[in-house]
Amino acid sequence: MIRFAAGVVALLATAGVLAGPASAAAKQLWYDPNVDAVASDIAGTAVNVHGEDDLNEWGSFVTPDDPNTVLGFTFPFEPSSSVLFHQIFIAPVLWPALRGAVESGPLSSGSNIYTTAVAIFDVTHEALHIRLVSGDENRVNACALQIFPAVLTRDFHISATDTKKTTVPVTKTVRVKYRVWVHRRWVTRYRTNAVTTYTTTTTTTPDATYAALVAAAQDFYKRQPASYNTGTCT
């Protein structure tokens, strides 16, 4: 389970539901197979991700916890015979951003960059509970922060750097030797010609989207309770 610390809620923007229907228990949840694919890659095994769109229903899942402070949860110790085996649940405040980031890319998720970063961090955290088979929130959260950049690159196709190639013409003057027949003999003479070649320059700069998402994830991590942001990834 991952939580907000006090004051973080105001940093996130809410949005409408974007997905196809599925059901779990008696509550209506939402899913996207492409979100499942991302979470499964992080978890290292097949998982299902369910997104909630109603805070009251979400509250019924997480009671007695405050539904405004719980972002997601899973059950890493459930046996394969359980309906909760490898199931991840994502809060209403983050589901639209997560699904949008997976389907359209983090910049086109329909949410601000901070919310998108937290949504990606959230599903990473929950998937790592399953991968590590661990209930240690501090450890799992530290590992989520550690692999967050790799998740951006591998699952959201955002490179840490932006590489651009620029081709420019380069013109220089060259001296050309030639021979002419003058007065019954060959004479060597010279002329100058303008020769144009093309040079390609590769420029690598930090990718702004990647940097913004990583910075947001780091900020979010720092704002969580001590039981979530003082661990180590082992």
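## Aromatic rings

Trp58, Phe61, Phe73, Phe75 and Phe89 come together as one aromatic cluster. Please keep in mind that this is a predicted model. The count of aromatic pairs comes to eight. One of them is Phe73 with Phe89, a stacked pair with 4.9 Å centre to centre and 15° between the planes. This pair links distant parts of the chain, with Phe73 in strand E5 (residues 70-74) and Phe89 in strand E6 (residues 87-90), 16 residues apart. Phe73 counts as buried at 8% relative accessibility, and Phe89 is buried too, with a relative accessible area of 6%.

Now to Trp181 and Trp186: their ring centres are 5.3 Å apart and their planes lie at 70°, so this pair is edge-to-face. Trp181 is exposed, at 51% relative accessible area, while Trp186 counts as partly exposed at 49%.

## Arginines over tyrosine rings

Two arginines are worth a look here. Arg175 has its charged end over the ring of Tyr190, 3.7 Å from the ring centre. The charged end of Arg191 sits over the ring of Tyr178, 4.7 Å from its centre.

## Helix H6

Helix H6 covers residues 208-223, which is 16 residues. From first C-alpha to last, H6 reaches 23 Å, close to the 22 Å expected at 1.5 Å a residue. At the start of H6, the backbone nitrogen of Thr209 has a side-chain oxygen of Asp207 within 3.1 Å.

Which residues of H6 are buried? They are Thr209, Tyr210, Leu213, Val214, Ala216, Ala217, Phe220 and Tyr221. These residues lie on the same side of H6 because they cover an arc of only 160° around the axis. On the other side of H6, Ala208 and Lys222 are exposed.

Key: Residues numbered from 1 in each chain as written. Predicted model: local features only at pLDDT ≥ 70, side-chain atom pairs only at ≥ 80, totals over all residues. Heavy atoms only, no water. Helix = DSSP H or I, 4+ residues; strand = E, 2+ residues; numbered from the N terminus. Expected span 1.5 Å × (residues − 1). Buried < 20%, exposed > 50% of the residue type's maximum accessible area, 1.4 Å probe, protein only. Arc of directions from axis to C-beta. Polar contact = N/O pair within 3.5 Å; in protein donor to acceptor, adjacent residues only side chain to side chain. Phe/Tyr/Trp six-rings, centres within 6.5 Å; stacked < 30°, edge-to-face > 60°. Lys NZ or Arg CZ within 6 Å of the ring centre and 35° of its normal.
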